[in-house]
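Please have a look at the structure before reading on.

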Amino acid sequence: MHPLFHPGRATDFNLDAPSAEIMRKTIAFFEERGLAQLKHDDMERVWYSDFLDFVKHEQVFATLMTPAGYGVEDARWDTWRICVFNEVLGFYGLCPWYTWQVSMLGLGPIWMSRNEAIKHETAKRLAAGGIFAFGLSEKEHGADLYASEMAIQPDGKGAYLANGRKYYIGNGNKASFVSTFGKNAATDEFVFFVAESDHPNYHCKQNLINSQNYIAELELKDYPLSNTEILSSGREAWDTALNTVNVGKFNLGFAAIGLCTHTFYEALNHAANRYLFKQYVTDFVHIRQLFMDAYCRLVAMKAFAVRSIDYFRSAGPEDRRYLLYNSLVKMKVTTEGEQVINLLWDVIAAKGFEKSSFFSMAAVQIRGLPKLEGTVHVNMALVVKFMKNYFFAPAAFPTIPRRMDAADDAFLFNQGSTRGLSQVQFHDYRKVYARWNTPNIRCFRKQIKDFRRLLMLAAPDAEQVKDIDFLLIVGELFCLVVYGQLILENALDLDEDLIEQIFDVLIRDFSKFALQLYSKSSSTARQRWFCRRMIRKPVVNKARHERLWERDIYALKDTYQMNP
């Protein structure tokens, strides 16, 4: 089975029949609207009420985003089918996907709370077609939760009045509930509460962006709250904020995969049918290399992200490995998506600007994903906390199986404390790499070995640790090790040719970051020595390259074009 999603070949998605039907109906909705209407609505900033009508009629959000026991028949929080839906939506662009994404963020504090009345009311509103919002960030403070100025003040009658502004709140114009983070002015404790966007004391000031999406600046003025609208307080509210982001940011990688897949088909169709200088564009050697790298990066994105699902769904208090893998799905997979778009743009050149193309929309939209739900820098700062235990303190864990089963992932709403990240342990990555004895994986293992020796014998000193740029490069090298590991756990059943070609790309990336680390003004002589050892050339195999081109890439020519 080909690893890339294809609307015309999608069958059961490894889902139960009702869930697969949701995916097929979603594909049909977009294909029946067609590319011209999709582009028109994007360029004219048309609110996607038709999509939300479809979601309501088919009970899509109610089924996919309601935990078991609260909602409609077949409702459960099933991360596998959620990620399939992310990829399908992303395939048709990020505007309709975004209203789903920020609804999920808004639902997180509700489903994590102990407020059963609000949970049951939320399930009813989902069934009625409601969307939701996550009121976390503020204009002056961004996502600096400590500095939040939104406050609730006791009114002397056993209730509260909420006052303050929130900034960059997706769905803030029409959200049934806005899960809002602030402080209790009387106790200085953090608090989460729900506000309704149609309340007269809720003021939606403006849409902050020029888009179909509505990203609100909003203000609460003496907004009345009862205890029944409080979701969580104190440390629980703090943990809820971070744990909600743990859930929501996972979506971004799958949206990137869908978006890049569509652009890949469009770019290949254009290039393979364009005849220049007495040959087709795809006959040029450099064009084939651009497609090869784009394809390998795209398949690697999906291979890593799909395997990460298994760890997310199997997580528990004693197994928190998902915290590393989720961060990479958000950070690494989305930045790889940018790379894919860049490579394809070098192929199609001016065509990528044409208003009738899907590409012109995707090339803009892909830039947002690495910057949402925590920047790359924020997520990298999180990732490096896991590095010591990953390399030097592995632990024994049972093998995590593939998790495509129809189950409710209840742990995601009971993740517990967000402390202790440096204590999280991982299974031994070396055992995974040792299962493969192909030329490029042997080469990559040597790079990893030298990086690990650098960390042991030439670790960053106190001043280098304060240099965020230095730490980011070290983090990039670490991420490549984790990325390669989960790719080799091979959730997509990739064959050896494709695995080898993917690692051709990863070896070059590893060498690039090693050179960057070598070139830092603060790098020491010993660090530079290890960096030189990490710079390696992948093992080139022309026959493998040709097989992949004919079988996996060129074979996709003219197999998909969105309805006009």
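Which backbone oxygen lies 3.3 Å from a polar atom of the side chain of Gln447? It belongs to Ile507.

A word on the ground rules before the points. This is a predicted model, in which local features need pLDDT of at least 70 and side-chain atom pairs count only at pLDDT 80 or more, while totals for chains, interfaces and linings use all residues. Residues are numbered from 1 along each chain as its sequence is written, and side-chain values use heavy atoms, with hydrogens and water left out.

1. Gln447 sits in helix α15, which covers residues 439-457; helices here are DSSP runs of H or I with at least four residues, strands are runs of E with at least two, and both are numbered from the N terminus. The relative accessible area of Gln447 is 0%, so this residue is buried (buried means under 20% relative accessible area, exposed over 50%, and partly exposed in between, with a 1.4 Å probe and protein chains only). Beyond its neighbours within four places in sequence, Gln447 is in contact with Ile507, Phe510, Ser511, Met534 and Arg536, where contact means heavy atoms within 4.5 Å.

2. **The chain as a whole.** There are 20 helices and ten strands in the chain. The radius of gyration is 24 Å, close to the 24 Å that the globule rule gives for 564 residues, so the chain is as compact as a globular protein of that length. That radius is taken over C-alpha atoms, and the rule is 2.2 Å times the number of residues to the power 0.38. Along the principal axes, the C-alpha atoms fill a box of roughly 75 × 60 × 40 Å.

3. Of the 564 residues in the chain, 60% are buried. Among contacts with a separation of 6 or more, 79% come from residues 24 or more positions apart. The accessible surface of the chain is about 22300 Å², and 53% of it belongs to carbon and sulfur atoms; the areas come from the Shrake-Rupley method with a 1.4 Å probe, and for residues only the protein chains shown count as cover.

4. Side chains of opposite charge can pair when their charged atoms come close. A salt bridge here is a side-chain nitrogen of Lys or Arg within 4 Å of a carboxyl oxygen of Asp or Glu, and by this rule the count comes to 45. One of them joins Asp239 and Arg235, at 3.1 Å from N to O. Both residues lie in helix α7 (residues 235-248), four residues apart, about one turn of the helix. Asp239 is buried at 9% relative accessibility, whereas Arg235 is partly exposed at 34%.

5. **Salt bridges between separate parts.** Glu338 pairs with Lys371, and their closest N and O atoms are 4.0 Å apart. Glu338 is in helix α10 (residues 322-348) and Lys371 in the loop between α11 (358-365) and α12 (376-383), so this pair ties together parts that are 33 residues apart in sequence. Glu338 is buried, at 16%, but Lys371 is exposed, at 53%. What about Arg544 and Glu500? Their closest N and O atoms are 3.7 Å apart in a salt bridge. Arg544 belongs to helix α20 (residues 542-553) and Glu500 to helix α18 (residues 496-519), so the pair ties together parts that are 44 residues apart in sequence. Arg544 is buried, with a relative accessible area of 4%, and Glu500 is buried with a value of 4%.

6. **A salt-bridge network.** Asp16, Arg76, Asp78, Arg313, Arg403, Asp405 and Asp409 are linked in a network of salt bridges. Take Arg403 as a way in: it is placed in the loop between α13 (387-392) and α14 (429-434) and is buried at 14% relative accessibility. Not counting residues up to four places away in sequence, Arg403 touches Trp80, Ile309, Asp310, Arg313, Ser314 and Asp409.

7. **Ile27.** Helix α1 (residues 17-43) holds Ile27, which is buried at 7% relative accessibility. Leaving aside neighbours within four places in sequence, Ile27 is in contact with Phe5, Pro7, Ala10, Phe13, Val88 and Tyr92.

Note on methods:
Polar contact = N/O pair within 3.5 Å; in protein donor to acceptor, adjacent residues only side chain to side chain.
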